[in-house]
Amino acid sequence: MRDAMTSPKSLPVSSASYRQSIAGCLSGAIGAHGLTESELGRWLEKLAPALHDLKADHASGRLPVLRIAEETADLDAAEAALDKLSEGAETIVFFGTGGSGLGGQTLVALKDLGFGPAPGRPKLWFMDNVDPVTFAELSARLPLARTGLIVI
C-alpha cells in the first residue's frame, strides 16, 4: 500500500493499474443518502491508526496475505497453460458454480469491455448452471472438436 493518496475517494493500493474508488457512495454522486465529505473525513480519522498498522504490516511482510495481489510467479505457467489449451480451439468453456466461476467471469468482464476475445484467442463461455437442459443447449451450439474445457 502506498502512502500517496490522490484523495480520500480514491486510494491507490499498489503500483498496479487497479484502483479502488468509493466516489459512487458519496452524497455528491447519489444524493442525500450518500456519505458526505465530512462524514467520510470523520471515518478516515477513526480508521487512521488501523490503516497505519496495516501499512506497517504490509511493509514488513508480517502478514503475507497482504502481498498476494503482488504475486506474479504463477502468471507464466498460467499463460503457458492457456496457450496450450487455446491451440486449435475456437471456444473455451469454464464449468464452475458459485464463486468458482464468478472470479473468472469478473476478470473477463473487466478485461473484455464488450470487445470480445483478443485476436487469436478463443471465445470464453462460463457454465455456472450445469443442469441437463442448459448443458445440452450449450453442447449443441459449440463445435466440440474445437472446444477446450476447464472444470473448476
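Colleague: What should I know about the basis first?
Modeller: This is a predicted model, in which local features need pLDDT of at least 70 and side-chain atom pairs count only at pLDDT 80 or more, while totals for chains, interfaces and linings use all residues. Residues are numbered from 1 along each chain as its sequence is written, and side-chain values use heavy atoms, with hydrogens and water left out.

Colleague: How many salt bridges does the structure hold?
Modeller: There are four; a salt bridge here is a side-chain nitrogen of Lys or Arg within 4 Å of a carboxyl oxygen of Asp or Glu.

Colleague: Which residue forms a salt bridge with R146?
Modeller: R146 pairs with E90, and their closest N and O atoms are 2.4 Å apart. R146 lies in the loop between α5 (132-141) and β5 (147-151) and E90 in the loop between α3 and β3, so the pair ties together parts that are 56 residues apart in sequence. Helices (H or I, at least four residues) and strands (E, at least two) are DSSP runs, numbered from the N terminus.

Colleague: And what does R121 meet in a salt bridge?
Modeller: Its partner is D83, at 2.9 Å from N to O. Since R121 is in the loop between α4 (99-112) and β4 (123-127) and D83 is in helix α3, this pair ties together parts that are 38 residues apart in sequence.

Colleague: What about R62 and D57, buried or exposed?
Modeller: R62 is exposed, with a relative accessible area of 55%, whereas D57 is buried at 15%. Buried means under 20% relative accessible area, exposed over 50%, and partly exposed in between (1.4 Å probe, protein chains only). The two form a salt bridge, with the closest N and O atoms 2.9 Å apart.

Colleague: Changing topic, which residues gather in the patch of negative charge?
Modeller: E71, D74, D76 and E79 gather there on the surface. Patches are made of residues with over 30% relative accessible area and no salt bridge, like charges being joined within 9 Å. E71 is found in the loop between α2 (37-60) and α3 (75-86), and its relative accessibility of 52% makes it exposed.

Colleague: Lastly, where does T91 lie?
Modeller: T91 lies in strand β3 (residues 91-95) and counts as buried at 6% relative accessibility.

Colleague: Which residues is T91 in contact with?
Modeller: Leaving aside neighbours within four places in sequence, T91 is in contact (heavy atoms within 4.5 Å) with P122, K123, W125, L142, R146, T147 and G148.

Definitions and conventions:
Patch = residues over 30% accessible without salt bridge, like charges linked within 9 Å, V, L, I, M, F, W, Y side chains within 5 Å. Areas by Shrake-Rupley, 256 points an atom, 1.4 Å probe, with all protein chains shown as cover. Lys, Arg positive; Asp, Glu negative; His and termini not counted. Charge placed at Lys NZ, Arg CZ, Asp CG, Glu CD.
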